[in-house]
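Here is a short note to read alongside the structure, one point at a time. Keep the 3D view open and find each residue as it comes up.

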Amino acid sequence: VADRAKSVSAVVLDPRTGEILAQATYPSYDANDYQAVAEGDPGRFVDPVISAVYEPGSVFKMVTAAAVLEAGVVKRTSAVRDQAVLRLDGGKATVTNADRGSKGRLTFQDAVAWSRNVVMAKVALELAPTAQAAAKILHATWAKLGFGSRTGVDLAGEVPGIVRAPASTTWRQIDVANGSFGQGVAVTILQLATAYSAMVNGGILPIPHAVRQVGAEPVVVGDRGRVLTPALAADLVKIMRRVPEAVPFYRDRTLIPGYVVGGKTGTAQIWDAEKHQWKPGVFNYSFVGFAGRKAADVVVAVRVEEGTPTVQQVGRIEMPVESFELFRRIATDAMATLDLAPGKGGSASPSPAAP
């Protein structure tokens with residue numbers, strides 16, 4: 001209501017087992033009045049957590065970080081150079097940052113924290129000598145983290161998302177750049193939560209599931225195997241922790257005293273397929289992150305669909321309730337629900353949880 005949004009969705013996972021601890025969407029429907037809902041607005045029965053895709057925006061930068069760190073393009077603390085404008089494809093295309101400016105030289109982890117589009121585009125293009133070869137490496141990372149395929153959740157109506165494969169189409173430099181910061185790809189928030197779970201649990205991609213047992217029989221759910229090395233996963237956790245630590249705007253509304261917290265924000269324009277233009281004045285806002293006593297006990301993914309900002313300036317598109325503030329509220333409640341007492345100021349080791 002505060003954000004004047006079309007809808008809001010959230011899902012909470014146990015990153016080690018893939019168990020869906022909670023998920024919700026609003027507006028929802030009254031199951032006791034099924035017929036009236038079916039006659040009035042049957043679209044309410046579609047679960048956006050598993051059945052609705054969207055361009056995720058900058059929450060996808062952690063996926064790019066996984067690709068470039070694994071390939072050795074950069075290290076977490078490598079110095080990189082930001083710039084206001086990056087010209088690609090012989091000057092036919094350009095990439096800019098949200099603030100239209102440059103932060104000069106900074107570490108790669110700070111480039112992720114400050115969500116620098118130009119830096120992410122540059123490192124993604126450095127994956128290989130050509131854009132097409134770089135696209136194949138980037139796409140391979142998407143695929144192994146589960147994007148473009150169903151997670152296997154035990155709920156009806158899951159969709160695989162939309163991911164354009166470089167094996168079937170030619171990618172230009174701008175396509176690689178856009179993909180590096182979450183444009184030109186469509187995902188579900190359950191896919192995001194599952195991929196982030198692999199980043200924080202040591203590198204194992206879980207299969208999300210809602211059913212714990214049938215009668216007295218526990219349901220045994222496996223996983224989709226190791227997709228990241230433990231060392232790479234540990235680096236990704238450190239980058240996610242750096243986001244609220246480095247950026248004052250996030251810090252007060254994301255960190256939870258006594259707990260380890262990290263994640264990544266995303267703000268994305270919305271394409272109107274009927275009018276063939278960006279929808280004016282509304283955006284998709286996301287945050288995917290983790291919280292726990294010593295490591296990640298939960299992963300929380302939230303999406304505010306078509307939120308209406310009250311502040312809309314270059315580099316500042318703010319709502320009354322930001323996606324990362326909603327994350328903090330849900331994660332704080334999760335810690336209490338799971339009876340996880342706070343640690344000593346959240347200063348425990350940031351190493352990922354054991355798979």
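**Notes on cavity, pockets and core**

1. Let's begin inside the protein. Ser-9, Pro-48, Ile-189 and Arg-303 line the largest cavity. Please keep in mind that this is a predicted model. The volume of the largest cavity is about 30 Å³, and the count of cavities of 30 Å³ or more comes to one. Sorted by class, its lining holds two nonpolar residues, one polar residue and one charged residue.

2. Next, the open spaces. The largest pocket holds about 1,200 Å³ of space. Its lining is made of 45 residues, and those nearest the pocket's centre are Ala-98, Asp-99, Thr-267, Gly-315 and Ile-317. Several elements give two or more residues to this lining, among them β5 (93–96), α10 (248–254), β14 (283–292) and α11 (323–337). Which element gives the most to the lining of the largest pocket? That is β11, with five residues. By class, the lining of this pocket has 16 nonpolar, 19 polar and 10 charged residues.

3. The second largest pocket has about 600 Å³ of space. It is lined by 25 residues, and Lys-6, Ser-7, Pro-48, Ala-52 and Glu-305 are the closest to its centre. Strand β15 (residues 298–307) is the element that gives the most to the lining of the second largest pocket, with three residues. Here the classes divide into 10 nonpolar, six polar and nine charged residues.

4. In soluble globular proteins, nonpolar side chains tend to be buried together. The largest nonpolar core in this model has 73 residues, and the members that touch the most others are Phe-108, Phe-147 and Met-199. Helix α8 (residues 189–200) gives the most to this core: nine residues. There is also a second, separate core of 21 residues, which includes Ala-291, Val-300, Val-302 and Phe-324.

5. What is Phe-147 in contact with, leaving aside its neighbours within four places in sequence? The partners are Phe-60, Val-63, Trp-142, Val-163, Val-187, Gln-191, Leu-192 and Ala-195. Phe-147 also belongs to one aromatic cluster, together with Phe-60, Trp-142 and Trp-171.

6. Thr-141 sits in helix α6 (residues 131–144). Is Thr-141 buried or exposed? Its relative accessible area is 3%, and buried means under 20%, so Thr-141 is buried. Beyond its neighbours within four places in sequence, Thr-141 is in contact with Val-63, Ala-66 and Ala-67.

7. Tyr-250 and Phe-324 are both buried, and Phe-324 is one of the residues of the second core.

8. Finally, some backbone details. Most residues other than glycine have a negative phi, and most peptide bonds are trans. Which residues does a cis peptide bond join? They are Tyr-26 and Pro-27, with omega at about 0 degrees. Pro-27 is found in the loop between β2 (20–26) and α1 (34–40). Arg-4 has a positive phi, near 45 degrees, and is placed in the segment before β1 (7–13). Glu-306 has a positive phi as well, near 55 degrees. Glu-306 lies in strand β15 and is buried, with a relative accessible area of 15%.

Notes:
Residues are numbered from 1 along each chain as its sequence is written. This is a predicted model: local features need pLDDT of at least 70, side-chain atom pairs count only at pLDDT 80 or more; totals for chains, interfaces and linings use all residues. Side-chain values use heavy atoms; hydrogens and water are left out. On a 1 Å grid over the protein atoms alone, a cavity is a set of points where a 1.4 Å probe fits but cannot get out, and a pocket is an open set with protein on both sides within 12 Å along at least five of seven lines; lining residues have an atom within 4 Å of a point. Grid points are joined across faces, edges and corners, and a volume is the space filled by probe spheres set on the points. Ala, Val, Leu, Ile, Met, Phe, Trp, Tyr, Cys and Pro count as nonpolar, Asp, Glu, Lys and Arg as charged, and the others, Gly among them, as polar. A nonpolar core is a set of buried Ala, Val, Leu, Ile, Met, Phe, Trp, Tyr and Cys residues joined through side-chain atoms within 4.5 Å. Buried means under 20% relative accessible area, exposed over 50%, partly exposed in between (1.4 Å probe, protein chains only). Helices (H or I, at least four residues) and strands (E, at least two) are DSSP runs, numbered from the N terminus. Contact means heavy atoms within 4.5 Å. Rings of Phe, Tyr and Trp (its six-membered ring) pair if their centres lie within 6.5 Å; planes under 30 degrees apart count as stacked, over 60 as edge-to-face and the rest as tilted.
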